[in-house]
Amino acid sequence: MTTASDHPATGNTVNAAVEQLLLQTVGVNPPDASPTDLMQAVSQLARQQLSTRWVQTQTRERTEKARRVYYMSMEFLIGRTLSNALAALDLRDAAGATVAAHAQKMEDVADREADAALGNGGLGRLAACFLDSMATLGLPSFGYGIRYEYGMFAQQIQGGCQVEYPDPWLTNGTAWEFPRAGISYPVRFGGWVEHQHDKSGGDKAVWRPAAEVAAKAHDMVVPGHGTQRVSTLRLWKAEAPAHIDLNAFNTGDYARAAGVKNEYENISWVLYPNDSTPAGRELRLRQEYFFVAASMQDIVKRHLEEHPSLANLADKVAIHLNDTHPAIGVAELMRLLCDEHGLPWAKAWALCTKVFSYTNHTLMPEALETWPVALMQHVLPRHLEIIFRINQEFLEFAAKHRPGDLGFLSRLSLIDEHGERRVRMANLSIVGSHKVNGVSALHSDLLVSGLFADFAALWPERFTNMTNGVTPRRWLSQANPGLAGLLDETLGRAWRLDLDLLRGLEQHKNTPAFSQRFMAIKRANKQRLADHIRRATGIEVDASSLFDVQVKRIHEYKRQLLNVLHVVTRYQAILADPGAEWVPRTVVFAGKAASSYHMAKNIIRLIHDVGSVVNTDPRVAGRLKVVFIPNYGVSVAEVIMPGADLSEQISTAGTEASGTGNMKLALNGALTIGTDDGANIEIRQNVGDDNIFIFGLKTPEVVALKKSGYQPMRFYEGNPALKAVLDAIGGGGFSPEEPQRYRGLVDSLLWGGDHYLLLADYADYVQTQQRVDALYRRPAEWAARAISNVAGMGAFSSDRTIREYARQIWNIEPAAR
């Protein structure tokens, strides 16, 4: 079959197609089309061609009875789709010419598309990069998640404080969604379990649920680049069995009529509902089970449509758990195999452990997801029984390895018996999987030596490493067209599919002509970022200043507060020596704090309070600016990443699993200032020690300091600059209208243990920032090191990561090019 997408598109054919879509689909007279109208028409054109590719891909995979990977994730932070789709279809130039004929710019047209609010941070963006690479590498693949109506939240800043609002990204619809009216599965909750005797005298469990919701499928097509293959992102929407209680409505009880509908459908309203209340925690568990149950039914149904039985399920299905949110899938697949399809327990378990694999994303024990046994009994009584049986058999197996070691068994158990009994979802994921991976070399080593050491003692072969990566199509070609164009001239276009080709830049880093063009592109990107800052915050910044960027989820371990301490140090130093030759610096923050995370929200407020003082102090004379860009997401990141000079990756060593923002920033020519943590270590190894600023305690030193009895007051008393900074913050120097506003925050450092060792790393951090200033004063040397960062990023393509997953974990060979 031939399609328009098989042939190069001409400006005339694209223009004619868009004119027709404006008239017949959008419903406007083409000469009167607005940028939004054009966005919708061009999107529909791309959708048509992607739909053809999707049908061809699915037909091929069904015919071949392909082995597929199913990537289960609570988040897929895909951002806007139009520009990526046009690039994959090789329609970017023709579409640009078409909108230019309507006196519009493609950039302005693309900006009319809402970001798909399907994720929050690195976890969701990683999942989106992975789907891009799965499609590009031709892996038969589905992503499974939830079709959130409102995403996490839209962040606004009022009086320096984060305020959360719904993010109604679907208000005006989306061209990229394919509702699948015929694909719906029942998802059940609550009730009780009956045990009956089957014909052979064995035990048969029958779940009598108390409630049921329908999971309706909505597909989004993820195009591959340099291929006709696509991947599918299947998202589930919750719908009540009946839309309203008509009897209640007819008797005038309208609230109850709508309440029943909302009780079911709120499952797919919001990503990560506030879990500080019992109702919020129950909703989160229901969410996780909802999308897992629908996905497992879909996977089993597809398999049985192509194969006569479930006996070869493990030969044709690989299910990957992206963190512990979908871990209940282990119990759900066992329920389906045993209760619905009649497989014996041992045979079902053998299949299960060959099918699943699991990525861990955290080193902090408190971040590992657990659920109260009582809550699981209430919401998923049959699954709790299954987990208890898995645990019993697993502990019997483990006891043979260390007879009499009750501590060993207690740590391994799927049930935490200390205090309130809780189900450990990470333990369930490990026991139910054939492979478990971390996301950087350090992280994976620490999982084996620390967090999951007992499991690694049982199954050393089960643990491996898959260092994260990012897609160069989104984070360089699309986000930074100026630099992409320079790379095309210098290296050719193939780097988009083979990022290792960036190594060829090394021979150009000391060439004045190349270096000057590279830095001119950086300056243009900085001006674009400065324009965005002005529109978003009202603050004017100097594009010639050093752009110092920390953009990520707001969390104590990511240490945005340490960055603030440096900002205040710098501010006080400028006031003390205003005549010095200070390197002008703009410090850029962005990121969301979880709605119930009060300390993180307080840090956001402090950033704004410090900025309000610094930015308006005439003595500073513009040599230091502090800005917080609100509502950080993919599209905002696409503006920030190319405009950054310095990338702040300053988590406490041993706490950041990997990070991907560090990769995106370095890929766009930012130098990293960071700890030897997560993927920073591998970035240092690839770009060279001279091209990165590493500071602070290393992981063994962090462990040793805590073990010896860390005393933050000693650092406070022994460092006059640090003392002056903390005294200013804690004494109301940045909140004169409320002097005690940050007293608790400062006390948490001085008297609360400074859990993430900000004070211990402070002095080295400040000294390293001085090294940054010194290098920035030497523009040619800075440019050479920035070019070396881009040149060294080949290893951090998500194509490399997915190729390794496919071969080492999923047992699927990527398609040959």
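In this predicted model, Phe-290 reaches well beyond its sequence neighbours: leaving aside those within four places, Phe-290 is in contact with Ile-146, Val-187, Phe-189, Val-213, Ala-214, Ala-215, Trp-236, Lys-237, Ala-238 and Ile-267. Phe-290 belongs to the largest nonpolar core, which has 153 residues, and is one of the four that touch the most other members, together with Ile-319, Met-376 and Trp-810. The most to this core comes from helix H9 (residues 278–306), which gives eleven residues. Another core, of 113 residues, lies apart from it and includes Val-564, Val-567, Ile-604 and Ala-653. In soluble globular proteins, nonpolar side chains tend to be buried together.

Turning to helix packing, helix H22 (residues 560–576) packs against helix H31 (residues 758–776) at an angle of about 60°, and their axes are 10 Å apart. H22 is therefore oblique to H31, and the crossing is right-handed. From H22, the contact draws on Leu-561, Leu-562, Asn-563, Leu-565, His-566, Thr-569 and Arg-570, while H31 supplies Leu-758, Leu-759, Tyr-762, Tyr-765, Val-766, Gln-769 and Asp-773. Sorted by class, these are eight nonpolar, four polar and two charged residues.

Two backbone details also deserve a look. Most residues other than glycine have a negative phi. Ala-103, though not a glycine, has a positive phi of about 60°; Ala-103 sits in the loop between helix H4 (92–101) and helix H5 (106–110) and is exposed, with a relative accessible area of 68%. Asp-323 likewise has a positive phi, near 75°. Asp-323 is found in the loop between strand S10 (317–322) and helix H11 (329–340), and with a relative accessible area of 14% Asp-323 is buried.

Note on methods
Residues numbered from 1 in each chain as written. Predicted model: local features only at pLDDT ≥ 70, side-chain atom pairs only at ≥ 80, totals over all residues. Heavy atoms only, no water. Axes fitted to C-alpha atoms, helices over the stretch in contact; angles between N-to-C directions. Helix = DSSP H or I, 4+ residues; strand = E, 2+ residues; numbered from the N terminus. Parallel < 35°, antiparallel > 145°, perpendicular 65-115°, else oblique. Left-handed = near helix turned anticlockwise from the far one by under 90°. Contact = heavy atoms within 4.5 Å. Nonpolar A, V, L, I, M, F, W, Y, C, P; charged D, E, K, R; others polar. Core = buried A, V, L, I, M, F, W, Y, C linked by side-chain atoms within 4.5 Å. Buried < 20%, exposed > 50% of the residue type's maximum accessible area, 1.4 Å probe, protein only.
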